[in-house]
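Please read these notes with the model open beside them. They are meant for someone who has not looked at this structure before.

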Amino acid sequence: MTPVVLALHDIVKHYRRPRQRLWAPGPVVQALRGVSLQVRAGQSMGIVGESGSGKSTLARVAMALERPTLGSVRWSGQDPNALDASDLRLARRHVQMVFQDPYGSLDPRQRIGQIVAEALESSAVAKAREQVEESLLAVGLSERDADKYPHEFSGGQRQRIAIARALITRPRLIVADEPVSALDVSVQAQVLNLLADLQEALGLTYLFISHDLAVVNHVCDEVAVMYAGRIVELGTPGQLFQAAAHPYTRALVGELPRDRPGVAHGPRRRLQAQTSVRVQAGPTLESGACAYAQRCAYRQARCQVEAPELRVISQGHQAACHVAESVMVEHLGEQ
């Protein structure tokens, strides 16, 4: 077994919203509700779900940019939230992030060489320049680009610069939060191919956040589907596309273009936006019902009173649904 680079165990994350009445505390939003997963060296784990499902919160917690309310984060066995500022800065060299917005993530006042080198500690100028040029070449740019400014590049090129910045410390893990969602479709394919090539060449490990199953299918070995702060299905891209066992995953697959090869579609349904679960502070934080029950065509009386746990459906395939086997059999039968 390859070593575990990132381990999240029972992660819970609460936020308190501004108060709505003068003497009452603000409502609590439970953004993550007991999320556990492992990402092993050289693998790509995709996190997919619609807006408000908790994906980006999970990315920030995984990067130790935010502390979990409950649960633990481990980077190669090390707890980043237990480190002091100096040790955490050193540990972050091994865990880098690529952000969604290739325009807002680069300082327009700095040259590309400065931007790419900012994660390096004090190094000799010549060595730093050599590392910057090496990173730029690795993402398909030129050494001469180090002397330019961000406004001189297209969106796809800026995202390549952001990837070069993440690569320069030779990280074990890259967390990519919607790295292609702001790009044109043709440019998306180029950036995804680059990420796949870099993984093969450098042995990188990815935690890849997206709202699009088709995107994670391109680069991920395993995919976790999130809904309302929980993982509701976990499996390989092939299992989710061909034998989805959760009704929400089936709806996501149904949102893909109907002429996409190899994708089985059920009745086409548009998903409405879903925000994080709002709850009251105190012992009643957990709802007894399945969070997806009100939108689910398969719901039963049991779903209204008992939230399903993530369980094994087949080898390497898990789902949090009381009728997962029936959903999977129906999906298989439509092919």
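1. A crossover is called right-handed if, with the strands pointing away from the viewer, the path from the first strand over the helix to the second runs clockwise. In this predicted model, a right-handed β-α-β unit is made by β6, α6 and β7.

2. The strands of that unit belong to an open sheet of eight strands with mixed pairing, ordered β5-β6-β7-β3-β8-β9-β12-β11. The edges are taken by β5 (95–98) and β11 (311–314); each has a single partner strand, so one side of each is left without a neighbour in the sheet. On average, neighbouring strands of this sheet are turned by 25° against each other, direction ignored.

3. Which strands pair with β7? Strand β6 (residues 173–177) pairs with β7 in the parallel sense over five bridges, and A176 has F208 in β7 as its bridge partner. β3 and β7 are also paired in the parallel sense, again over five bridges. There, S44 stands opposite Y206 of β7.

4. Are the residues of β7 buried or exposed? Six of its six residues are buried, which leaves β7 mostly covered. In a regular strand the side chains alternate between the two faces of the sheet. In β7 both faces are covered: T205, L207 and I209 are buried on one side, and Y206, F208 and S210 are buried on the other.

5. Helix α6 (residues 185–202), the helix of the β-α-β unit, lies across β3 (44–48) and β7 (205–210). The helix runs at about 160° to β7.

6. Elsewhere in the sheet, strand β8 (residues 222–227) pairs with strand β9 (residues 230–235) in the antiparallel sense, over five bridges. Within this pair, M226 has I231 in β9 as its bridge partner. Helix α9 (residues 247–254) packs on the sheet and touches both β8 and β9. The direction of α9 makes about 105° with that of β8.

7. Where is G238 found? G238 is in helix α8 (residues 237–242). With a relative accessible area of 40%, G238 counts as partly exposed, because that term covers values between the limits for buried (under 20%) and exposed (over 50%). G238 and E222 are 16 residues apart in sequence, and their C-alpha atoms are 9.2 Å apart in space.

How values were computed
Residues numbered from 1 in each chain as written. Predicted model: local features only at pLDDT ≥ 70, side-chain atom pairs only at ≥ 80, totals over all residues. Heavy atoms only, no water. Pairing = 2+ DSSP bridges. Helix = DSSP H or I, 4+ residues; strand = E, 2+ residues; numbered from the N terminus. Axes fitted to C-alpha atoms, helices over the stretch in contact; angles between N-to-C directions. Contact = heavy atoms within 4.5 Å. Buried < 20%, exposed > 50% of the residue type's maximum accessible area, 1.4 Å probe, protein only.
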